[in-house]
Amino acid sequence: MGFKRLGLSDPTLTAVADAGYTEPTPIQAQAITQVLMGRDVLGIAQTGTGKTASFTLPMIDILAEGRARARMPRSLILEPTRELAAQVAESFEKYGKNHKLSMALLIGGVNFSDQEKALDRGVDVLIATPGRLLDHFERGKLLLNGIEILVVDEADRMLDMGFIPDVEKICERITKQHQTLFFSATMPPPIQRLTQQFLNDPKKIEVARPATTASTIQQFVVKVAPREKRRALRKLLSDEDVQNGIVFCNRKTDVKEVYASLKRHGFSVGQLHGDMEQRDRMEILRQFKENEIQLLVASDVAARGLDVPAVSHVFNFDVPGHADDYVHRIGRTGRAGRKGKTFMLATKSKTDVRLLEAIEKLIGNPLDIVDGFDVGSDKAKQQKSDTEDKVVKPRAKRADAKPVKEKNSKERPARETRRRTAPRGQDPSANFAPDDMPKEPFVGMGPHVPSFMSIVAKPSSKQKQTGE
Ligand code: AMP
């Protein structure tokens, strides 16, 4: 079934065709007609399913009728992160190019006064993160009683980030009769309660997680000693035919370290983490999308919902703390029928073993193991209780699994006694694992790092809350 049967207007259909889409995705096929009929929708779907177009396309046609009034936006889209908000704005621009809808973004890092001017003129579409929106509302810059359509996107991520009380407040303040479109990849109890409270007889549309159905994604796990992770990553990067890839780390400190390490080794790489200015994040994203850089090292929160088509590889530098995050991360590849490969580095620690088991349970498959990496010796095992002895059960290899080539077999073996941090009074250059030291001599500062640069800053309470 093509897009034509869904009831969209001709100008919208032209924009869809210009975007290169021929067939609606399952969520688009089911949601678009319901939204056009004015019904509330509960979409259980995650990024990668085409859910953004499933609400933006019909909204464009609904909002084409009528005019916006000053400070009274006609529709409101709540997003958990500024990147997602900016991407939804891009979608409106792409699909709404044959309409004259006005739009404003209320997110951190974007010039306040420009957005206020836009609001003063009146906007059809307001895209915001919950905190920013409440800020403006409470300062009287914005009225919510003109909202005809409310979209709550990525509700489960809002929950993770502690935004649900803000979302509730916003829902309560929209007094006018309106249509609500609500999207979440999972439905934990607080999200269920929210939908019961604020949705009116919604059409429930559940689409399969791309990760569990995407036969286009080959998923591998690489067993590796903790201190060999960077070397293992580099080996994968050089052995694999990586057109472009995202390297996910659990913590932003690791994002910074892995980025710096890859850069030192001459990879074309950028980083994306919560400490960066919005402007810098958008610039890195642009460079990545336009293939100016090949690799992006990112944290979950910063990379949430990245709309980067045709990523050939996803690397998990760490086993993610939640199995759901694994699904979100690998959803960056294998999109829209394209082929993708994912590799996850896992140590033998109890934590990694437990988390890996949770992931395999969620996706319903054991991951294929790539051999040929240093998993750490027994001596190292005794020295470090973390790298201990639980051996992962052997698993059946899928017939189509292609093991990674062993091109770089002359990689150096693991140094069990390598130290990460220098004891008091010693050369802090020991902070660098030797494999991360550049081969050529340093120019300028010499090979040492001033000790104050190795001090890890304490996260602020807000950062703790958002996990950034
Ligand atoms: P989303 O789930 O909204 O983040 O969309 C995932 C990706 O699929 C985006 O890169 C969209 O541009 C793309 N996309 C959305 N709808 C379609 C479609 N009908 N056909 C092909 N690609 C699509």
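This is a predicted model: local features need pLDDT of at least 70, side-chain atom pairs count only at pLDDT 80 or more; totals for chains, interfaces and linings use all residues.
Helix H16 (residues 350–363) is followed by Gly-364, whose phi is positive, near 75 degrees; helices here are DSSP runs of H or I with at least four residues, strands are runs of E with at least two, and both are numbered from the N terminus. Residues are numbered from 1 along each chain as its sequence is written, and side-chain values rest on heavy atoms, with hydrogens and water left out.

H16 itself has 14 residues and reaches 20 Å from its first C-alpha to its last, close to the 20 Å expected at 1.5 Å a residue, where the expected span is 1.5 Å times one less than the number of residues. Its buried residues (under 20% relative accessible area with a 1.4 Å probe, protein chains only, as against over 50% for exposed and partly exposed in between) are Asp-352, Val-353, Leu-355, Leu-356, Ile-359, Glu-360 and Ile-363.

Strand S4 (residues 125–128) is covered on both faces, with Val-125 and Ile-127 buried on one side and Leu-126 and Ala-128 buried on the other. In a regular strand the side chains alternate between the two faces of the sheet. Strand S2 (residues 75–78) pairs with S4 in the parallel sense over four bridges, pairing being assigned if DSSP finds at least two bridges between two strands, and Ile-77 stands opposite Ile-127. Strand S3 (residues 103–106) also runs parallel to S4 and is joined to S4 by four bridges, with Met-103 opposite Val-125.

A search of the whole structure finds four aromatic pairs, which are rings of Phe, Tyr and Trp (its six-membered ring) with centres within 6.5 Å, called stacked if the planes are under 30 degrees apart, edge-to-face if over 60 and tilted otherwise. The rings of Phe-55 and Phe-183 have centres 5.3 Å apart and planes at 40 degrees, so this pair is tilted. The pair links distant parts of the chain, 128 residues apart, with Phe-55 in helix H3 (residues 51–63) and Phe-183 in strand S6 (residues 179–184). Phe-55 counts as buried at 0% relative accessibility, and Phe-183 counts as buried at 2%. The rings of Phe-315 and Phe-343, by contrast, have centres 5.9 Å apart and planes at 15 degrees, so that pair is stacked.
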